[in-house]
Amino acid sequence: MPPIVLLAGQVLFLLLLYLFVARAVRAVLRDVRSSTPLTAPPPRSPAPQGRKGKKAQTTAPGELVVHIPDGRPRVIPLDAHDVTFGRAGASTVVLDDPYVSDHHARVYLADGRWQVADLGSTNGTFCNQMKVGSPTALAPGDQLGIGKTVVQVRR
């Protein structure tokens, strides 16, 4: 094989390798820039206009039932304190799950309503199988998805 062909193959391989590394770095930077800071509370949202396809709930949620895979359900009362989910030891509910971020989600009381907010997690937080993009009001019967864990919202 002529040496020019080998040189062209090496140059092409290096070019593709650099292109791959540049795209990977760009994706990581975009992901880091889009995450919200952990110290800032999520922005308050206006009162929800009601839920489509559901009757308006008049009863506020009173507890969360955390269903951890291969574990016993855990009941968390909703009192005036925030409930945080994540792998970090400082979380209210520590989840040993590779799909859960250190500081994954927060359930908190705002304007007299319990809401859930994603804290910039990698894999997202889900409410009734819809990804939470902004703080979302909770009602009894809602289900949260945090990694492989399902959290039921009850009265």
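In which loop is Asn128 found? The structure examined here is a predicted model, in which local features require a pLDDT of at least 70 and side-chain atom pairs count only at pLDDT 80 or more, whereas totals for chains, interfaces and linings use all residues. Residues are numbered from 1 along each chain as its sequence is written, and side-chain values use heavy atoms, with hydrogens and water left out.

Asn128 is found in the loop between β7 (125-127) and β8 (130-131); helices (H or I, at least four residues) and strands (E, at least two) are DSSP runs, numbered from the N terminus. Although Asn128 is not a glycine, its phi is positive, at about 55°. Most residues other than glycine have a negative phi. A positive phi of about 55° is also found at Asp111, likewise not a glycine, and this residue belongs to the loop between β5 (105-110) and β6 (113-118). Asp111 is exposed, with a relative accessible area of 57%, while Asn128 is partly exposed at 31% (buried means under 20% relative accessible area, exposed over 50%, partly exposed in between; 1.4 Å probe, protein chains only).

An open sheet of 5 strands has the order β4-β3-β5-β6-β9, with mixed pairing. Its edge strands, β4 (93-94) and β9 (136-137), each pair on one side only; two strands pair if DSSP finds at least two bridges between them. Strands of a sheet pair through backbone hydrogen bonds, either parallel or antiparallel. Strands β6 and β9 run antiparallel and are joined by 2 bridges. Gln115 stands opposite Ala137 of β9.

Arg154 lies in strand β11 (residues 149-154) and is partly exposed, with 37% relative accessibility. Apart from neighbours within four places in sequence, Arg154 is in contact (heavy atoms within 4.5 Å) with Pro61, Gly62, Glu63, Val65, Val75 and Pro140. Val75 is 79 residues from Arg154 in sequence, yet the C-alpha to C-alpha separation is 9.8 Å. With Glu63, the side chain of Arg154 makes a polar contact of 2.7 Å, side chain to side chain. A polar contact is a pair of N or O atoms within 3.5 Å; within protein, one must be able to donate a hydrogen and the other to accept it, and residues adjacent in sequence count only if both atoms are side-chain atoms.

Leu17 lies in helix α1 (residues 3-34) and is partly exposed, at 38% relative accessibility.
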